[in-house]
Amino acid sequence: MSNSHQFEFVIGVNPGYQHANECQSPIEAVVKAWDEAAESQLADGAMYVPVTMHQAKAVYRREWGCPAGGEDIVIVRGVLNPEFVQIPIAWSATVMLICQEVQEVLGQATATLTLTPCELGYMKSGVK
């Protein structure tokens, strides 16, 4: 196990409030936006930040604009792998820039990003 960092980025896919979850493919929208933003950072000399994603629902007061049944969101997670990244502060900065770009592309007024320390076990096997 090694000390590392992880992040979780929670983003909606339908701009504004008081909508009816019009986006038909929430996860595909975020995958496309993430990949383009990450490739852009790579082209600018930063690193590509690989992630995992899953679709979920955010539930908040309807008076605040939550659609019936909850708002479609995507949760994006990533972990700094010390085998490939030697400068954690650069990784964190790149994560922040990618998240901001995704937020802008998706037209989201708000999103959440948490960065936390963690322990990472990078497991390798003999399987090729």
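Leaving aside neighbours within four places in sequence, Asn 81 is in contact with Ser 4, Leu 120 and Tyr 122. These contacts belong to a predicted model, and the values reported here are computed from it.

**Asn 81**

Asn 81 lies in the loop that joins β3 and α2. Its relative accessible area is 12%; because buried means under 20%, Asn 81 counts as buried. The side chain of Asn 81 also reaches the backbone nitrogen of Glu 83, at 2.9 Å.

**Helix α1**

Helix α1 comprises 18 residues, 26-43.

The buried residues of α1 are Pro 26, Val 30, Ala 33, Trp 34, Ala 37, Ala 38 and Gln 41. Seen down the axis of α1, they fall within an arc of 125 degrees and therefore line one face of the helix. An α-helix has 3.6 residues a turn, so residues three or four places apart point the same way. On the face of α1 turned away from the buried side are the exposed residues Lys 32 and Ala 43.

The elements against which the buried residues of α1 pack are listed below.

| Element packed against α1 | Residues |
|---|---|
| β1 | 2-12 |
| β2 | 52-58 |
| β3 | 71-79 |
| α2 | 88-105 |

Just after α1, Gly 45 adopts a positive phi of about 95 degrees.

Methods:
Residues are numbered from 1 along each chain as its sequence is written. This is a predicted model: local features need pLDDT of at least 70, side-chain atom pairs count only at pLDDT 80 or more; totals for chains, interfaces and linings use all residues. Side-chain values use heavy atoms; hydrogens and water are left out. Helices (H or I, at least four residues) and strands (E, at least two) are DSSP runs, numbered from the N terminus. The expected span of a helix is 1.5 Å times one less than its number of residues. Buried means under 20% relative accessible area, exposed over 50%, partly exposed in between (1.4 Å probe, protein chains only). The arc is that of the directions from the helix axis to the C-beta atoms. Contact means heavy atoms within 4.5 Å. A polar contact is a pair of N or O atoms within 3.5 Å; within protein, one must be able to donate a hydrogen and the other to accept it, and residues adjacent in sequence count only if both atoms are side-chain atoms.
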